[in-house]
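Dear colleague,

Please find below the structure I promised to pass on, together with its sequence.

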Amino acid sequence: MEIIVTQEQGRVPVTVLHLTGDLSGETYLQLQERAQKAIADGARYMLINMSGVAFMGSAGIRAINQIFNSLRSLPDGEDEAAIPSGLRDGSYKSRRLKLVNLNQQVQKTLSVTGIDMFLEFHSDLRKAIASF
């Protein structure tokens, strides 16, 4: 898997991880490690551009969930009290992690697992950056 990291400016600085290749058991650690490095370097808002991902397996889902949890656990992260009630009533979406340019199969995989309940999916990179 190839991962290119760029910095974009919305209302806040956004770190964009552009993925190319399958997100599978063989490659998910690359994504986790690259995201953790970006967070350690100060990233607080992250967008994962999945336009180059044709296939995503369960390990990819785990990697995305781990990135979500890492961003949420930052000292200035999400309000932990709001998450459970927001998930129950469908009003919670992460303000720190979003996904863009998912193909139909990847989006279906993520929706079946319920990740779409707490992460926003976008189809346009510029609009996704502006949503932060």
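In this predicted model, five strands make up an open sheet of mixed pairing, ordered β1-β2-β3-β4-β5. The edge positions belong to β1 (2–9) and β5 (120–122); each has a single partner strand, so one side of each is left without a neighbour in the sheet. From one strand to the next, the twist averages 25 degrees. Three bridges join β4 and β5 in the parallel sense, and Val 100 has His 122 in β5 as its bridge partner. Helix α1 lies across β1, β2 and β3, at about 165 degrees to β2.

The largest nonpolar core has 33 residues, of which Leu 19, Met 46, Met 50, Ile 64, Leu 97 and Leu 110 touch the most other members. Elements giving two or more residues to this core include β2 (13–20), β3 (46–52) and α4 (104–113); the largest share, seven residues, comes from α2. Beyond its neighbours within four places in sequence, Leu 97 contacts Met 46, Ile 48, Ile 64, Ile 67, Phe 68, Leu 71, Leu 119 and Phe 132. A second, separate core comprises nine residues, among them Val 14, Val 16, Ile 129 and Phe 132.

Ile 61 is located in helix α2. Its relative accessibility is 16%, under the 20% cut-off, so Ile 61 counts as buried. Outside the four places on either side in sequence, Ile 61 is in contact with Met 56, Thr 109, Leu 110, Thr 113 and Ile 115. Ile 61 and Ile 115 are 54 residues apart in sequence, yet their C-alpha atoms are 8.4 Å apart in space.

With kind regards

Notes. Residues are numbered from 1 along each chain as its sequence is written. This is a predicted model: local features need pLDDT of at least 70, side-chain atom pairs count only at pLDDT 80 or more; totals for chains, interfaces and linings use all residues. Side-chain values use heavy atoms; hydrogens and water are left out. A nonpolar core is a set of buried Ala, Val, Leu, Ile, Met, Phe, Trp, Tyr and Cys residues joined through side-chain atoms within 4.5 Å. Buried means under 20% relative accessible area, exposed over 50%, partly exposed in between (1.4 Å probe, protein chains only). Helices (H or I, at least four residues) and strands (E, at least two) are DSSP runs, numbered from the N terminus. Contact means heavy atoms within 4.5 Å. Two strands pair if DSSP finds at least two bridges between them. Axes are lines fitted to C-alpha atoms, for helices over the stretch in contact, and angles run from 0 to 180 degrees between N-to-C directions.
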